[in-house]
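Subject: Model for your salt bridge check

Hello,

I am handing over the structure we discussed. Please look through it alongside the notes below.

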Amino acid sequence: MSGKNPRGAPFKKRPPYKLKVSHMPQSLRDYLSALEAELPEAFLRVEKPVSPRHRISAILEKIRRERRGAAVYFSSVEGSRLPVVGNL
């Protein structure tokens, strides 16, 4: 990448989120739990059902613009029994 966004403005760096845990998380589930507990400003949980086709990407884009770098956990995805995690 050239260091500029599609509109020509320079990319802004995300704030450095660092977990302060006594051990490295052994799984994605452990990592997300630690992130939510220690850095709630860097984690967003969406409980409402969302469409995987368009809604998830729209929410991720909005979060990227407003809360740079926040991980997003979608617990209820229409047509799926599995959750979706974005912006990790």
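What follows covers the salt bridges and the exposure of the residues that form them.

Please keep in mind that this is a predicted model. The count comes to four salt bridges.

Helix α2

Helix α2 spans residues 55-66 and holds both Arg64 and Glu61. The side chains of these two residues form a salt bridge, with an N to O distance of 2.5 Å. Arg64 and Glu61 are three residues apart, about one turn of the helix.

Glu61 also pairs with Arg65, here at 3.2 Å from N to O. Arg65 lies in helix α2 as well, four residues from Glu61, and this spacing is again about one turn.

The network around Arg45

Salt bridges link Glu36, Arg45 and Glu47 in a network. Within this group, the side chains of Arg45 and Glu47 meet at 3.9 Å, N to O. That value falls within the 4 Å limit, so the pair counts as a salt bridge. Arg45 has a relative accessible area of 36%, which makes this residue partly exposed.

Regards

Terms used: Residues are numbered from 1 along each chain as its sequence is written. This is a predicted model: local features need pLDDT of at least 70, side-chain atom pairs count only at pLDDT 80 or more; totals for chains, interfaces and linings use all residues. Side-chain values use heavy atoms; hydrogens and water are left out. Buried means under 20% relative accessible area, exposed over 50%, partly exposed in between (1.4 Å probe, protein chains only). Helices (H or I, at least four residues) and strands (E, at least two) are DSSP runs, numbered from the N terminus.
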